Amino acid sequence: MALRLDGKVLARDVEHRLQTLIERRLAEAGRPPGLAVLRVGDDPASAVYVANKEKACARIGVASFGDHLPGDTPPAQVLQTIERLNANPAVDGILLQLPLPAGLDEGPLLMAIDPEKDADGLHTLNLGRLLKGEPGPRSCTPAGVMAMLRSNGIDPAGKRAVVIGRSILVGQPMALMLQAANATVTIAHSRTADLAAHTREADILVVAAGRSEFIGAEHVRSGAAVVDVGIHRKPEGGLCGDVRAAEVESIAAALSPVPGGVGPMTVTMLLVNTVVAWCRRHNLDHDLDDLVP
């Protein structure tokens with residue numbers, strides 16, 4: 001049976017580290033870290049995500065600055081809100097909750113966020129910093145995957161890694177982080193011919209295909225570490241990922257569950273980015289370098 005890559009347990013451990021750091025440095029900073037989550041419209045899933053992020057902030061002592069705008073808010077007003085948060089000295093991290101309502105282009109809005117307050121690591125400057133190996137906020141989901149691998153003693157160095165998915169949110173930064181950790185990386189996607197031939201070569205397989213139960217036993221080599229980034233609601237109820245877990249768990253050496261795998265770490269890495277930005281702003285030392293790939 002595969003080792004369970006438990007993101008929920010790791011997230012609790014990281015939250016405890018963050019809480020301890022905040023308590024230790026609060027007097028020097030003179031204020032707690034601040035995270036602003038900007039939500040536009042009434043997407044039900046986004047409402048749940050934002051609520052979870054606000055609860056996580058409360059658990060560790062991060063001040064939460066939430067803004068919820070109607071779905072028909074014009075782009076200029078959303079930009080004004082972002083600029084106000086950029087100028088707020090109590091805010092260290094800003095997250096624009098995606099997806100946005102129809103008619104709003106996420107590109108210019110993400111670019112309007114101060115790169116130093118980019119809690120989701122999606123600003124073009126921060127993606128460029130990742131490419132060059134320079135410090136800066138990192139994309140939360142792939143950073144969470146790297147933390148899960150490290151915490152379970154899975155070192156990418158010298159290994160063959162395959163990432164399924166090439167989005168700027170997960171696939172591309174995931175490949176860069178694995179490459180920076182000295183893995184040999186292949187990016188596969190919907191147009192990859194003979195996908196299984198590539199994935200069966202992987203020592204580390206990260207699946208961010210966005211397709212329910214897309215990857216099965218025929219795609220996985222014996223002893224591989226498989227990280228399932230996907231999450232989908234099944235018609236009959238319950239959740240599943242991009243991987244057919246029942247098939248893969250007897251083949252893989254390690255497998256992340258859905259739910260309880262990557263998801264909790266995505267939220268936690270948002271907090272890590274915010275707390276690290278707070279430390280940098282106040283010239284405070286921190287012990288979070290192992291969480292900032």
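Student: At what angle do the axes of helix 1 and helix 10 cross?
Tutor: The axes of helix 1 and helix 10 (residues 262–281) cross at roughly 20° and come within 10 Å. Axes are lines fitted to C-alpha atoms over the stretch in contact, with angles from 0 to 180 degrees between N-to-C directions; helices are DSSP runs (H or I, at least four residues) numbered from the N terminus.
Student: Where do these values come from?
Tutor: The model is predicted: local features need pLDDT of at least 70, side-chain atom pairs count only at pLDDT 80 or more, and totals for chains, interfaces and linings use all residues. Residues are numbered from 1 along each chain as its sequence is written, and side-chain values use heavy atoms, leaving out hydrogens and water.
Student: So are helix 1 and helix 10 parallel or oblique to each other?
Tutor: They are roughly parallel, because of that angle (under 35 degrees is roughly parallel, over 145 roughly antiparallel, 65 to 115 roughly perpendicular, and the rest oblique).
Student: Which residues of helix 10 make the contact?
Tutor: Among them are Pro 264, Met 265, Leu 271 and Trp 278, while helix 1 supplies residues including Leu 10, Val 14 and Leu 21. Contact means heavy atoms within 4.5 Å.
Student: Now helix 2, please. How does helix 1 cross helix 2?
Tutor: The axes of helix 1 (residues 7–29) and helix 2 (residues 44–60) come within 8 Å and cross at roughly 50°, and the two helices are therefore oblique to each other.
Student: Which residues touch there?
Tutor: Glu 15, Leu 18, Gln 19 and Ile 22 of helix 1 meet Ala 56, Arg 59 and Ile 60 of helix 2.
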